[in-house]
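Morning, everyone. Let me put the model up, and then I'll walk through a sheet and some helices.

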Amino acid sequence: MNILIIGSGGRESAFAWKLAQSKQLSKLYIAPGNAGTSQYGTNVPLAVTDFAGIADFVLGNGIDMLLVGPEEPLVKGIHDYFLNRADLAHIPVIGPQREGAQLEGSKDFSKQFMARHGIPTAASRSFDQDSLEEGLAYLETQQLPIVLKADGLAAGKGVLICETLEQAKAELRAMISEAKFGDASRVVVVEEFLRGIELSVFVLTDGDTYKILPSAKDYKRIGEQDTGLNTGGMGSVSPVPFADSAFLDKVEQRVIIPTIDGLKRDGIPYKGFIFIGLMNVAGDPYVIEYNVRMGDPETESVLPRIESDLLDLLQGVATGTLAERSFTLSPKTAATVMLVSGGYPGDYVSGMQIDNIESVKESLVFHAGTREENGVVKTAGGRVMAVTALKDTLFEALQQATADAGRIYFEGKNFRRDIGFDLI
Ligand code: AMP
């Protein structure tokens, strides 16, 4: 099979690494990819939302399957674009159509979905310009802290946790009336604050049945001990020690089954990954968010633990035969440490030469924001590379990944040395 992966981050590098191991793979392409993905396939200089360009490439190169990494093309309807074109409709796309992608593209949609199907989540109400005054009055009746969420995609920045009533009122006004997050905050979900530990559970579905992939925990803050600004993710571990079988059984019964059934009952076709962000509140799972694709950097910890052929599972999704496929998991623990550019998540400089990648012998290196220039690998983004170690114990995996993160060099390099150590 010839596969085209859409995206350019560490997640897509991990997909490329994994699919390149499949005996069923003929040719692998990554659009646009990065300096690392070219080890596993051919990079194609196309933007992830250039649907017409992607379509031409697919038809011109005998592509048999499209695997969509990031949310933006899904929310913008890349899958619908393929289905609506007679010359492309037969090519499977892994990732939901626009309607299913609303689970991530609209927090209001996902809250309504959860309410309709009895899926545990924080109590909430949504407000817009017409109901702003009602929203301000509602805030006065709520406990603090309170969570405000821009309805639409806001590059991971649209969630505010407000500690005071004044702050919550000012932010609700700014989001709705002053378009603090542009169109994304035209509607705002006001949500109860949940106290607990977060983790992510990943599900692959063909719309009928599902497979539960390994769970993971990610680390979002830039600073050690979870301090400082939020980032796209500074590291991850899989499995999550506190997600034992009793907890995961609750997740399956209360969240996963009602989610898959709910999609069916609502008549929403869904072929792809569902990333369920959960809060473990005193042993009970509550959904914080759905994402309609794999996470980054969770994918870099999750995929190395899948021992069997990922392409076989994806074919099961494409052909509606996922129930007939099985997969095996490594009992080992994966730990991922992300190398980022100096200054990130604020302003940072790109174009720094990256050295000593080859000195990493015992971890996997997944490129993210990198590009190649005359044979030299340079930084080209905030999050530059993910270093993943797979070991018998969490402690060994963390030590190895952290040590190997230290071996790679570029000017301004930053990484967290405490990823996962809170779980030991
Ligand atoms: P989201 O974009 O919905 O994942 O929210 C971003 C982050 O905000 C989450 O990863 C949580 O750390 C936090 N968060 C979101 N909703 C809540 C909530 N209801 N209670 C506590 N923390 C939350």
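I'll start with the ground rules, then take the sheet, then the helices.

This is a predicted model: local features need pLDDT of at least 70, side-chain atom pairs count only at pLDDT 80 or more, and totals for chains, interfaces and linings use all residues. Residues are numbered from 1 along each chain as its sequence is written, and side-chain values use heavy atoms, with hydrogens and water left out.

Helices (H or I, at least four residues) and strands (E, at least two) are DSSP runs, numbered from the N terminus. Strands pair if DSSP finds at least two bridges between them.

Eight strands make an open sheet, ordered 14-13-10-11-12-15-19-16, with antiparallel pairing. Strand 14 (284-291) and strand 16 (364-367) stand at the edges, each with a single partner strand, so one side of each has no neighbour in the sheet. Inside the order, strand 10 (residues 197-205) and strand 13 (residues 272-281) run antiparallel, joined by nine bridges. Phe202 stands opposite Phe275 in strand 13.

Now helix 8, residues 165-176. Its 12 residues reach 17 Å from first C-alpha to last, close to the 16 Å expected (1.5 Å times one less than its number of residues). Which of its residues are buried? Ala168, Glu171, Leu172, Ala174, Met175 and Ile176; buried means under 20% relative accessible area, with a 1.4 Å probe and protein chains only. Their cover includes helix 7 (132-140) and strand 9 (188-192).

Definitions and conventions
Buried < 20%, exposed > 50% of the residue type's maximum accessible area, 1.4 Å probe, protein only. Contact = heavy atoms within 4.5 Å.
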